[in-house]
Amino acid sequence: MRIAIISDTHLGYARFEEDAFVQAERAFLAASEKADAILFAGDVFDTKIPKLETLDRAIAMLKKVKIPVFAIHGNHERRAKELVNPARLLSTSGVMTYLHGETKPFELNNEKLQILGIGNVPDEYADEAVKKVIAERFVPEQGAFRILLIHQSIRELMPHGKNELSLEYLETLPFDLIVNGHLHGKDVLLKGRFLIPGSTVITQLKKEETAGKGFFLFDTMTKKADFMPVDTRPFFCEEILLRDASVTEARDAVKQKIDELMKKDRNAIICLKVTGTLKQGAGQPDLRFPEYERVFVDSSLEAKSLKERLERIRNARSDQLSVRDLALRQLEEKVKGRITAFDSAEIFEKLVQGVDETLEYLKKEDTDGKAPVST
Ligand SMILES: [Mn+2]
């Protein structure tokens with residue numbers, strides 16, 4: 001039997017709403033042509049309560065699919081137990097079969113599949129939920145090809161994995177194939193027993209999403225998965241590193257990169273991460289990058305690195321001192337031989353304090369009977 005594995009279509013995703021629909025439809029229709037059944041691993045929709053227009057279009061799209069679709073809800077669709085989530089609504093409308101804590105058989109040409117679906121649960125309960133559902137709702141059948149369908153984070157794939165479901169545990173489960181949604185980049189793990197098809201639309205604007213979008217076509221006989229790419233809007237994600245750039249230089253570097261990438265494909269989604277430092281005096285608020293519809297510039301330029309900033313403060317201080325010294329030196333030169341009764345450094349200090357302080361000082365010195373100011 002051939003099974004198509006699709007996930008995370010995120011219909012109704014506001015940023016790329018049309019892309020989400022167009023690309024989902026391409027995946028579903030291609031899968032409908034090539035496979036005997038479709039497994040959908042969650043996040044059909046981007047929100048728990050999609051707009052009626054989104055629901056209507058989703059139902060119309062799924063009506064064109066000629067083979068059974070088995071699906072679970074993702075984290076984007078998860079609602080309290082007693083409430084209806086949109087994946088369940090699609091099931092009620094008849095365009096797919098929603099599985100949550102349920103095992104469904106699917107038979108074709110004397111071959112039998114057993115599909116257990118567990119929709120997304122919070123990470124901290126995932127282990128427990130999977131154990132419980134398998135114990136209570138899954139009776140392995142002799143000769144059946146067993147599939148587990150989930151939508152979870154995987155501990156080993158997280159940068160700071162803690163209490164997520166672990167691959168180590170999943171490996172011990174009595175399934176021939178485990179399909180996971182949620183992660184938007186495709187992956188093949190556990191020697192091909194664990195498949196993540198990834199999303200069909202760009203949502204995270206991260207480098208991991210630049211690899212192609214599509215779905216898996218899995219053959220239950222050969223146990224091999226082929227990735228079937230779906231024509232999607234190209235996505236470029238690049239970094240620009242600047243050193244002591246002026247505001248103009250930073251803007252030009254970004255503009256040049258955008259032009260270069262747009263030349264490759266003017267319909268692409270472009271994501272630029274600008275890092276490094278701006279030169280002295282230039283600040284992040286002065287930066288205005290050119291704006292385009294599908295270009296996203298993430299700038300975390302620092303005015304200066306901490307070391308450079310400290311150096312700047314130190315320099316500024318010594319500059320200040322030398323300015324002071326210079327002023328005192330100039331004053332001393334000017335009064336030399338003309339004011340003898342006063343210490344020029346003392347007058348300078350008073351002048352720094354203010355005119356009134358200086359006059360008072362001079363008057364005081366005068367009344368003290370010292371030599372008058374000669375002008
Ligand atoms: Mn998702």
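Student: How is the packing of helix α1 and helix α2 described?

Tutor: In general, two packed helices are described by the angle between their axes and by the distance between those axes. In this predicted model, helix α1 covers residues 17-34 and helix α2 covers residues 52-63. Their packing angle is about 20°, and the axes lie 10 Å apart.

Student: Which word describes the direction of α1 and α2 relative to each other?

Tutor: Angles under 35 degrees count as roughly parallel. The two helices, α1 and α2, are therefore roughly parallel to each other.

Student: Where in the chain do Asp8 and Asp43 lie?

Tutor: Asp8 is in the loop between β1 (2-6) and α1, whereas Asp43 is in the loop between β2 (37-40) and α2. The two are 35 residues apart, and the pair links distant parts of the chain. Asp8 and Asp43 are both buried.

Student: What is the phi of His10, and is His10 buried or exposed?

Tutor: His10 is not a glycine, yet its phi is positive, at about 50°. This residue is located in the loop between β1 and α1. Buried means under 20% relative accessible area, so His10, at 1% relative accessibility, counts as buried.

Student: What may be said of Asp244?

Tutor: Asp244 also is not a glycine and has a positive phi of about 50°. Its place is in strand β13, residues 235-245. With a relative accessible area of 33%, Asp244 is partly exposed.

Student: Finally, how many helices and strands does the chain have?

Tutor: The chain has nine helices and 15 strands. It contains 375 residues, of which 44% count as buried. Among contacts between residues at least 6 apart in sequence, 69% join residues at least 24 apart.

Key: Residues numbered from 1 in each chain as written. Predicted model: local features only at pLDDT ≥ 70, side-chain atom pairs only at ≥ 80, totals over all residues. Heavy atoms only, no water. Axes fitted to C-alpha atoms, helices over the stretch in contact; angles between N-to-C directions. Helix = DSSP H or I, 4+ residues; strand = E, 2+ residues; numbered from the N terminus. Parallel < 35°, antiparallel > 145°, perpendicular 65-115°, else oblique. Buried < 20%, exposed > 50% of the residue type's maximum accessible area, 1.4 Å probe, protein only. Contact = heavy atoms within 4.5 Å.
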